[in-house]
Amino acid sequence: MNRTGAETITGAAISALHDACLSAPAWPADTVTFHAADLWHTIEFNHRCNSKLWNEEDLARRVNVPDSAIAANKRAIDSFNQKRNDAIERIDEQLLQRFSDIVRSPTARLNSETAGAMIDRLSILSLKILHMAEQTRRAEASVEHRANCTAKLQRLHEQRGDLQHCLDELLVDCDAGRAYFKQYRQFKMYNDPAMNPYLIGK
């Protein structure tokens, strides 16, 4: 997919960005930006939220800190998760804008999963690959542990390759009018003070 003169959007290119971000020493600091283009910036922002979520999820499993520290982790998780979902929706908005002038075939298929959701899954897979690879290199871990993690790492690479292919097919088919996806909203009611019964009127 290469519309409106933009850099080609492919699963492999997205995963390359994800991996580049994870290899940057300052990542996921807000000052690190690899792409200025609007869509790529949103993809990177989604990945940053997932990276911060990963770190907070690890911290939230600690057992040697006060409960207040875990509560702070849980609040951070909630905040990053909301931003992550907002970014997914923004990715879909930007991609659908690129497809807005496509004449859709009467037989075009509706894809139940949006491209933004698939890109978000690629982000999470890159994090799993990074951390699983670290487990395969742990000198103090048992041979069995490293072998199990090596097998899991191979499966994760296979999953990412499959998902990249599926995303590419969806984008190419959308560009040709053979497929489409819709803009879906998450409507996170628990974060809405007008809907969460424990926040109403507080």
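Which residues in α1 meet which residues in α2? From α1 we have A13, I14, L17, H18, C21 and L22, and from α2 we have W40, I43, E44, H47 and S51. Contact here means heavy atoms within 4.5 Å. Helices are DSSP runs of H or I, at least four residues, numbered from the N terminus.

Some ground rules. This is a predicted model: local features need pLDDT of at least 70, side-chain atom pairs count only at pLDDT 80 or more, and totals for chains, interfaces and linings use all residues. Residues are numbered from 1 along each chain as its sequence is written, and side-chain values use heavy atoms, with hydrogens and water left out.

By class, the contact of α1 with α2 has seven nonpolar, three polar and one charged residues. Nonpolar covers Ala, Val, Leu, Ile, Met, Phe, Trp, Tyr, Cys and Pro; charged covers Asp, Glu, Lys and Arg; the others, Gly among them, are polar. The two axes come within 10 Å and cross at roughly 50°. Axes are lines fitted to C-alpha atoms over the stretch in contact, with angles from 0 to 180 degrees between N-to-C directions. The helices α1 and α2 are therefore oblique to each other. For the angle classes, under 35 degrees is roughly parallel, over 145 roughly antiparallel, 65 to 115 roughly perpendicular, and the rest oblique. The crossing of α1 and α2 is right-handed.

Next, α2 (residues 38-59) against α3 (residues 67-98). Their axes come within 8 Å and cross at roughly 160°. That makes α2 roughly antiparallel to α3. By class, their contact has 14 nonpolar, six polar and eight charged residues.

Now H47, in helix α2. Buried or exposed? H47 is buried, at a relative accessible area of 0%. Buried means under 20%, exposed over 50%, partly exposed in between, with a 1.4 Å probe and protein chains only. The H47 side chain makes a polar contact of 2.7 Å with the side chain of S123. A polar contact is a pair of N or O atoms within 3.5 Å; within protein, one must be able to donate a hydrogen and the other to accept it, and residues adjacent in sequence count only if both atoms are side-chain atoms. H47 and L122 sit 75 residues apart in sequence, but 9.0 Å apart C-alpha to C-alpha.

S15, in α1, is also buried, at 3%. Its side chain joins that of Q164 in a polar contact of 2.8 Å.

Last item: the W27 to P28 peptide bond is cis, with omega near 5°. P28 is in the loop between α1 and α2.

Terms used
Helices (H or I, at least four residues) and strands (E, at least two) are DSSP runs, numbered from the N terminus. A crossing is left-handed if the near helix is turned anticlockwise from the far one by less than a right angle, and right-handed if clockwise.
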